[in-house]
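Work through the following exercises with the sequence and the 3D structure beside you, and try each task before you read its solution.

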Amino acid sequence: MNLARFPRRRYTPNATAIEPMSHLSAALGGARLFIKRDDQLGLTAGGNKTRKLEFLVAEALAQGADTLVTVGAVQSNHCRLTAAAAVREGLKCRLVLEQRVPGSYDPAASGNNFLFDLLGVESVTVVDAGTDLAAAMNRVKDDLAAEGRKGYVIPGGGSNPLGALGYVSCAEEILQQTFDMGLSLDRIVVASGSAGTHSGLVTGLLGNSAGIPVTGINVRRPRAEQEGNVHALAEATASFVGSSVPVPRDAIVCRDEWVGPGYSLPTPEMVEAVRLFARTEGVLLDPVYTGKAAAGLIGLVRSGEIARDETVLFVHTGGAPALYAYQPVLSAV
Ligand SMILES: Cc1ncc(COP(=O)(O)O)c(C=O)c1O
């Protein structure tokens, strides 16, 4: 796929590592587990949004924007990384924060919330779940225009076809790396939220005829709704990138057994996964996304749905700063 046609900023100098998780494999009694360290991408504290922002911010700069405007949950990694990209580019950043859990915004909270302030975010607008988020961001953009400034609106999670190119590119990176390592993957497991990461990976893998299925682990939505979202974005991304390979509906798998009571709400399986990754591999997950995705990976291995002899790549999409806002939940075991 010719991604060089799309303007791109570079925030990570090299490919992120693919590492074996042999202690975790041993602890689970099977499956050959590997991890893609996208938690080590560039910008402040890394994570998947860095890859999407490389394309989105390039467009913002091309349009002459001076301010990035985006939306996320109250502990949003995407908002932290958008603020970091703004700092890197000499731009400003304004945020809309959605209280997906009623009353969850605490201006004094630690984790990503603290980093919004540290990274110099100009303004935070807090809205309740169910608010029209695009309209809320457009109001921020209009306020900027009234001041003679120019905002560039980035959708939640950076999940549109332009942002998803970041994970089309990641799919190609994985294929090149696993070829160099002599590693033949049977499956990729990844957290599935605003859908850009999952969709981009599927689009990139299909477009390269990789034959590697992706198992998405939902963090918020029921299975059918999430699969519809991922499929629609994968089709839009494939068309945007000029791929003639169709995205079959059954190529999209979004498991919802590890969401628990809802987005960002802790589950015992998430707590176990965060602690197990830390203690077997020294890898910090996060409580909202990768903790639940890893709980799914562990559950699928234990149930035998991922076979003992499968070679599986878990994409670590970052988020560790949010750990510090969840310390009581995670350390009280
Ligand atoms: C750490 C982390 N992992 C995974 C995701 C999910 O990625 P996506 O929104 O592209 O589905 C997010 C989204 O915010 C995230 O912050």
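On a 1 Å grid over the protein atoms alone, a pocket is an open set of points with protein on both sides within 12 Å along at least five of seven lines, and a molecule sits in a pocket if more than half of its atoms lie within 2 Å of its grid points. The model is predicted, with local features needing pLDDT of at least 70, side-chain atom pairs counting only at pLDDT 80 or more, and totals for chains, interfaces and linings using all residues. Residues are numbered from 1 along each chain as its sequence is written, and side-chain values use heavy atoms, with hydrogens and water left out.

**Exercise 1.** Find where the ligand sits and which domains give residues to its shell.

*Solution.* Begin with the pocket: the ligand sits in the largest one. Next, turn to the domains, whose bounds come from an automatic or database domain assignment: the ligand lies between domain 1 (3-47 + 160-331) and domain 2 (49-158), because both give residues to the shell around it.

**Exercise 2.** Describe the residues that surround the ligand.

*Solution.* Counting residues with a heavy atom within 4 Å of the ligand, we find 16, and the closest are Lys49, Lys52, Ser194, Thr197 and Thr317. Then look for polar contacts, which are pairs of N or O atoms within 3.5 Å: an oxygen atom of the ligand is 2.5 Å from a side-chain N or O atom of Ser194, and a polar side-chain atom of Thr197 lies 2.7 Å from an oxygen atom of the ligand.

Definitions and conventions. Polar contact = N/O pair within 3.5 Å; in protein donor to acceptor, adjacent residues only side chain to side chain. 1 Å grid on protein atoms, 1.4 Å probe; cavity = no way out; pocket = protein on both sides within 12 Å on 5 of 7 lines; lining within 4 Å.
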